[in-house]
Amino acid sequence: MSELFEKEEYSKRLIDSTVEEYLQSCGAICIEGPKWCGKTWTSAYHSNSEFFVGDPDRDFENRELARMKPSLVLKGETPRMIDEWQEVPQLWDAARSFVDRSKEFGLLILTGSSTPKTKGVMHTGAGRIVSIRMNTMSLYESGDSLGLVSLKDLIDGKIEEQLVEEVELEHLARLIVRGGWPRNIHAKNPNIMPKSYADKIINGDPDDEENGITKRLSRDRLEKILKSLARNESTTASICKIASDIENYDGTKVSPDTVGRYVEELKRMFLFNDQPPFEPNVRSSLRAKGSVKRHFCDPSLACALLDLNEKKLIGDLNTFGFLFEALVERDLSVYAQSIGAKLYHYQNYSDEEIDAVIELDDGNWCAFEIKLGGNRVEEGAKNLIKVCNHIVEKGGKEPVLKAVICGLTNAIYQRDDGVFVFPITCLKN
């Protein structure tokens, strides 16, 4: 039984099936992701014994024990969870050695909300420890999506056309500001938790003894860079553009090299969930741009950094649109992972774009446009058809699915041109 909860009380996550699959094929897994996304609860659900490195009892005795005798803390009924292993980096080598000696599957579940500097980690763990990225909750996991539309069914061309109740703009704003943090789902004031998270990043987290980012970086610069990244949420802004944005907005000159160094440090905290560019299988002059689309791990962090609450968000529909896109792409990332697929975006040098692309494990792909209002479905569908046709003309594969995902629409249906339309609050994996 878990020390945290009765396992019957656990709220299931879509990553559960991935964890179970990997435990049957790997000696150890490492569930990585931002703080407060639910890693510890999910790991505890799948484990039979636990060790909490950061337990404050007896003056952090567990942390000292892990430093002095790392092999000892790995002993216990398997799968054994080692929570926040990065606080004692030598645990990684100890876990690798433990797996090598045991030669069994499903021995350890490590959790980590940051990656330590390579010092003290002597081996990558390749072949012994497999990492799994965990995100914040999708709308389906948090109970905010009806789940009437299945991504898997859509790929097979199946959909039950129906009318649904249209979501209010205020409700969508709340979902964005609140985010997918498990402990924030039923909070009376959804702004508090994301703002606390942003504050801990900028001012330092007293619990993060080993990896406190503000021990190495200027807080003033860090805050300016984070706010610029929030202003450029859901865009392909380059490091140079972020540096220019800071100078234009704050009057502070920060070199691109400095911005790049700070971003790399922030990546170690799993603070971002960027969308890599999709490369269609084409042998022609049509080339895709190699820029990532920038996303925080949860759109609520961008809101917190820009001091946006629900009312402010509704008063700025342009920003609302970018953050709604971030919400949808967060969910698509979670749903794609659960079916063994990956999320990308597409942009070529003719400035043709597809908001989201899901590549399946068989090489087929799906194309999605994201529109806040249902009045822009026609625009989204036409763009999808145009860009996909261009890709096919240049030798690429036809996508197996084209869809427009909306925020404000009251119907699930397929258009005469084959494009599916549905609200994000009806989607599941």
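Which residue in E11 is the bridge partner of Phe 368? In E11 that partner is Ala 403.

Some ground rules before the rest. This is a predicted model, where local features need pLDDT of at least 70 and side-chain atom pairs count only at pLDDT 80 or more, while totals for chains, interfaces and linings use all residues. Residues are numbered from 1 along each chain as its sequence is written, and side-chain values use heavy atoms, with hydrogens and water left out.

Helices (H or I, at least four residues) and strands (E, at least two) are DSSP runs, numbered from the N terminus. Two strands count as paired if DSSP finds at least two bridges between them.

Now the sheet. It is open, has seven strands and mixed pairing, and reads E7-E12-E13-E11-E10-E9-E8. The edges are strand E7 (162–163) and strand E8 (342–347); each has a single partner strand, so one side of each is left without a neighbour in the sheet. Helix H14, residues 317–338, packs on this sheet and touches E8, strand E9 (353–359), E10 and E11. Contact here means heavy atoms within 4.5 Å. The direction of H14 makes about 145° with that of E10. Axes are lines fitted to C-alpha atoms, for helices over the stretch in contact, and angles run from 0 to 180 degrees between N-to-C directions. Strands E10 (residues 365–373) and E11 (residues 401–408) run parallel and are joined by seven bridges.

Next, salt bridges. The criterion is a side-chain nitrogen of Lys or Arg within 4 Å of a carboxyl oxygen of Asp or Glu. By that rule the count is 26. For accessibility, buried is under 20% relative accessible area, exposed is over 50%, and partly exposed lies in between (1.4 Å probe, protein chains only).

Glu 223 and Lys 227 form a salt bridge at 3.3 Å, N to O. They are four residues apart in helix H9 (residues 219–231), and therefore separated by about one helical turn. Glu 223 is partly exposed at 30%, and Lys 227 is partly exposed at 31%.

Asp 351 pairs with Lys 289, with the closest N and O atoms 3.3 Å apart. This pair links distant parts of the chain, 62 residues apart: Asp 351 is in the loop between E8 and E9, and Lys 289 in the loop between helix H11 (256–267) and helix H12 (299–305). Asp 351 is exposed at 54%; Lys 289 is partly exposed at 21%.

Arg 330 and Asp 331 form a salt bridge at 2.9 Å, and both residues are buried.
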